[in-house]
2 protein chains.
Amino acid sequence: MQKEHNLSKNQKIIFDLIDKSGGPMKAYSILFSVQKKGIKAPLQVYRALDKLVEIGKIHKIESRNAFIACQNSSCQISKATAFSICESCENVSEISNSKLSKYLSNFSDNSGMKYSKYNLEFFGLCKKCKSK
Amino acid sequence: MQKEHNLSKNQKIIFDLIDKSGGPMKAYSILFSVQKKGIKAPLQVYRALDKLVEIGKIHKIESRNAFIACQNSSCQISKATAFSICESCENVSEISNSKLSKYLSNFSDNSGMKYSKYNLEFFGLCKKCKSK
DNA sequence: CTTCTAAATGTTATATTATTACATAATGTT
DNA sequence: AACATTATGTAATAATATAACATTTAGAAG
């Protein structure tokens with residue numbers, strides 16, 4: 001049962017942009033693209049991004065300082081994310097593999113720490129780039 | 001068989017500082033600390049950090065833009081890293097769990113991509129912070 | 001429908017993180 | 001010694017992100 005989040009004006013503009021782009025986008029490139037829609041300042045972008053991340057509509061690719069629309073409909077909250085990143089063309093895709101997420105969600109070591117969240121980034125060459 | 005890397009002057013200064021700190025350090029806090037040793041510019045710090053990451057003496061905590069000394073003697077190259085991060089006190093430690101690393105190193109999905117590297121960051125509350 | 005509150009917005013300034021470009025010096029190899 | 005590679009020094013600037021403050025909008029409670 002997915003909670004419906006009514007996105008605000010800025011949130012919707014920015015989510016739609018990222019979603020339509022189909023890939024990761026950087027904050028200042030988003031800013032540039034939405035200036036014609038009246039969003040003028042970095043903070044307006046970052047605030048929308050923060051909220052979108054919080055509700056799981058987008059995820060942050062930490063190693064790239066970029067944001068991508070969630071490609072996994074069951075992912076309501078960004079608390080368990082995994083991505084594959086091509087180091088040549090920088091293509092990013094979200095990995096939704098139930099075994100992997102089960103394994104990591106249940107992972108515990110001997111530190112006595114209970115993990116509530118994780119982010120995993122895999123790097124390599126995608127099919128296309130490998131065959132070049 | 002561990003390759004011996006002869007660190008250069010700046011690399012050694014910066015590695016020693018991070019190593020002795022026992023935790024993650026940020027680039028500009030490193031810069032501040034090493035100014036008395038003659039390292040004056042950000043680039044000098046970033047260059048040393050880049051090299052240290054490349055040879056696996058330190059790792060970058062992507063979600064924190066911080067660098068930590070490798071706590072895992074068998075880790076020559078930063079190609080398979082996992083960390084646990086306390087979201088309250090920001091304590092970070094490197095996870096060395098052979099099952100986990102084996103699982104992730106062998107992970108493959110149906111994207112046809114062969115992963116050569118990964119970085120995993122777990123978040124939660126450490127023992128101390130949990131009991132507060 | 002009004003009062004209250006929480007969330008979102010707008011705006012300016014500034015902090016933090018990282019790289020470009022170019023010159024020089026030290027180190028290792030043949 | 002000549003060459004190539006790696007490291008250093010320095011100035012400028014680019015890219016990423018937040019602080020502080022004023023105002024507005026949207027929901028919830030009476």
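Helices of at least four residues and strands of at least two are taken here as DSSP runs, numbered from the N terminus. In these terms chain A of this predicted model reads, from its N terminus on, α-β-α-α-β-β-β-β-α-β-α. That order comprises 5 helices and 6 strands.

The C-alpha atoms of chain A fill a box of roughly 50 × 45 × 30 Å along the principal axes. Of the 132 residues in chain A, 42% are buried. Among the contacts in chain A with a separation of 6 or more, 50% join residues 24 or more positions apart. A:Asp50 belongs to helix H3, which covers residues 42–54 of chain A. The C-alpha atom of A:Asp50 is 9.6 Å from that of A:Gln11, although 39 residues separate the two along the chain. A:Asp50 has a relative accessible area of 52% and is therefore classed as exposed, the cut-off for that class being over 50%.

The account now turns to the interface. Chain A and chain B bury about 2,800 Å² between them, and 62% of this area lies on carbon and sulfur atoms. Each side is represented in the contact by a stated number of residues: 32 from chain A and 32 from chain B. Polar contacts between chain A and chain B link 10 residue pairs, counted where both residues have a pLDDT of 80 or more. The interface also contains 2 salt bridges. A:Glu87 forms a salt bridge with B:Lys117, and the closest N and O atoms of this pair are 3.2 Å apart.

Which elements of chain A give two or more residues to the side that touches chain B? They are strand E4 (80–86), helix H4 (98–105), strand E6 (114–125) and helix H5 (127–130). Of these, E6(A) gives the most, with 12 residues. Sorted by class, the side of chain A that touches chain B has 15 nonpolar, 8 polar and 9 charged residues.

E6(A) is joined by 11 bridges to strand E6 of chain B, residues 114–125, and the two strands run antiparallel. A:Leu125 has B:Lys114 as its bridge partner in E6(B), and A:Tyr118 is partnered by B:Phe122.

Within that chain, B:Ser84 stands opposite B:Phe122 in E6(B). Strand E4 of chain B, residues 80–86, is joined to E6(B) by 7 bridges, and these two strands run parallel.

B:Asn119 is found in strand E6 of chain B. Is this residue buried or exposed? B:Asn119 is buried, because its relative accessible area is 9% and the class requires a value under 20%. Leaving aside neighbours within four places in sequence, the contacts of B:Asn119 include A:Asn119, A:Leu120, A:Glu121 and A:Phe123 from chain A. From chain B, B:Asn119 is in contact with B:Glu62, B:Thr81 and B:Phe83. With B:Thr81 there is a polar contact between the two side chains, at 2.7 Å.

Chain B also has an open sheet of 3 strands, in the order E1-E3-E2 and with antiparallel pairing. Its edge strands are strand E1 (25–26) and strand E2 (58–61), each of which pairs on one side only. E1(B) is joined to strand E3 of chain B, residues 66–69, by 2 bridges in an antiparallel arrangement. B:Lys26 stands opposite B:Ala66 in E3(B).

Two loop residues of chain B deserve a look at their backbone. B:Asn65 is found in the loop between E2 and E3 of chain B. B:Asn65 has a positive phi of about 45°, although it is not a glycine. With a relative accessibility of 40%, B:Asn65 counts as partly exposed. B:Glu90 lies in the loop between E4 and strand E5 (92–94) of chain B. B:Glu90 likewise is not a glycine and has a positive phi, here of about 65°. At 33% relative accessibility, B:Glu90 counts as partly exposed.

Conventions:
Residues numbered from 1 in each chain as written. Chains lettered and ligands numbered in written order. Predicted model: local features only at pLDDT ≥ 70, side-chain atom pairs only at ≥ 80, totals over all residues. Heavy atoms only, no water. Contact = heavy atoms within 4.5 Å. Buried area = accessible area lost by both parts, 1.4 Å probe. Salt bridge = Lys/Arg side-chain N within 4 Å of Asp/Glu carboxyl O. Polar contact = N/O pair within 3.5 Å; in protein donor to acceptor, adjacent residues only side chain to side chain. Nonpolar A, V, L, I, M, F, W, Y, C, P; charged D, E, K, R; others polar. Pairing = 2+ DSSP bridges. Buried < 20%, exposed > 50% of the residue type's maximum accessible area, 1.4 Å probe, protein only.
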